[in-house]
Amino acid sequence: MPDIVLTTLNARYIHASIGLRSLLANLKELESKAEIIEFTTADRLQDIAEKILALQPRIIGIGVYIWNVLQVAQLTQIIKLLSPESIVVLGGPEAGHPPYRVNLDAADHIIVGEGETSFYQLCRTLSARPGSADRIIGPVLPDIDTLRLPYDYYSEQDIQHRTLYVEASRGCPYTCEFCLSSIDKQVRYFDIDSFLNALESLWQRGARNIKFIDRTFNLNTDRVIRILDFFLAKSPPYLVHFEVVPDYFPAPIKQRLAQFPAGSLQLEVGIQTLNPSVAAAIHRRLDMVKLQENLHFLQHQTNAHLHLDLIVGLPGESLESFARNLNTLTTLTTGEIQLGVLKKLSGTTINRHDLVHSMVYSPLPPYEILANDLIDFPAMQQFKRFARFWDLLHNSGNFRGSVTLLWQDTDTYSGFAAFSSWLYQNTLSTWQISLRRMAELLFHFLVEEKQLPPAMVADSIAADMQKVQGRRLPPIIREHTTVPLRKNKQKSSSSPGKRQQKHLL
């Protein structure tokens, strides 16, 4: 039986916690006494407690994030009621950055900041002198040069069925007030040779779906080139994901990005806002000339699947300003545009705008904004439905061509907002709308509300749906389409990037 259990509740099974594996990798002589066991937020808390306590651990370390903090708080209470002698240690972003807006009092210890050094030292202290450690363990910044990399702790099951998270650096030089990464303004790099050796080991074991969690991957050109060259030397299929800043793509990086084959590269581009005054107010750098130039390059000269982020609710930004942001981005890219809602994360400085802009946030995770001086609560609710439907129709790639019919005679935001309002009025739901039902609803809106020719609409929807093998067209589409039903071009499971592939077809 392990003396130490490391656990967390992931948002989905496909996510494998790099944090737990990094803690285990740096337990030194205590590693042989520790074990990782992961769950998801869909698991019942009693079942989780049963499986953890069945191992009879003395120390239970739990990773706490914005998506699981409510459940972790309850799980901690259950564990302490059933096994008061078990020592529960919480760490991670939602435990490590006060103020705590969820009651974590049941925990024995809370680690603030990066946990590798602190957790190891705490476990040693608890072994030598039980009860002698402080409840709140202050931040201790690990020496990144001495940390042991965690990638050997991904199992064969992880490699075959889950996304593998890796990091080549920590920290971010930017000071965006809504982001936790702005707390650690100094970027620290892992030794590039050791990191690439670890990547090679993962590759040899079969890893093909790799996501970098570096906040600003494309900052250091020399390091970026070595990492990109590593993947360019490999044969597809594979999918590698990087988070990049939009205004820095030197020629050597552009040259390499253009070489990646279709379906192998995903870039998450943090836009957030295109309004210069809003960006300045939250201490976010915005160079519109470089941004547009680089997005044009990424869209037209690479095969990268683009995932751009926009945030609604930023202080000083109206819905009209947000609409202009979305309209502009849809002229620059056909990639995914993730429409997010501002969150008030503990440890950030976004709260300095609360009084001036009447910012009202939900007291419950994920602490999303409910209203401010420019967007009232009903309008914010309407936007959240807009964002949900946008993800289902635009970002999913399921209606890549036909969704553009919604705004062919108007701007993107206005056209989609009209459909979003109509869709909610007719379904009273943003969930549990099947693909076939959504196709029918889209057809009816375009034909009955937009007065578009039924055959043209049916042909467009049919073309979108038949890109994935095995899909059956709804009767209303089959009735009006003028093109023959054809064999589908591609199975959705042909590569690690299923969603990305639909955007390429």
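Strand 1 (residues 4-10) and strand 2 run parallel and are joined by seven bridges. The model is a predicted one, so to speak of it calls for some ground rules: local features need pLDDT of at least 70, side-chain atom pairs count only at pLDDT 80 or more, and totals for chains, interfaces and linings use all residues. Residues are numbered from 1 along each chain as its sequence is written, and side-chain values use heavy atoms, with hydrogens and water left out.

Zooming out, the open sheet has six strands in the order 2-1-3-4-5-6, with parallel pairing. Its edges are strand 2 (34-40) and strand 6 (136-137), each of which pairs on one side only. Strands here are DSSP E runs of at least two residues, helices are H or I runs of at least four, and both are numbered from the N terminus; two strands pair if DSSP finds at least two bridges between them.

Next come the helices. Helix 2 (residues 45-54) lies across strand 1, strand 2 and strand 3 (59-63), at about 170° to strand 2. Helix 4 (residues 116-128) lies across strand 1, strand 3, strand 4 (87-91), strand 5 (109-111) and strand 6, at about 155° to strand 5. Contact means heavy atoms within 4.5 Å; axes are lines fitted to C-alpha atoms, for helices over the stretch in contact, with angles from 0 to 180 degrees between N-to-C directions.

As for disulfides (pairs of cysteine sulfur atoms within 2.5 Å), the count is zero. C172 is in none, and its nearest cysteine sulfur, that of C179, is 6.3 Å away. C172 counts as buried at 8% relative accessibility, and C123 does too at 1%. Buried means under 20% relative accessible area, exposed over 50% and partly exposed in between (1.4 Å probe, protein chains only).
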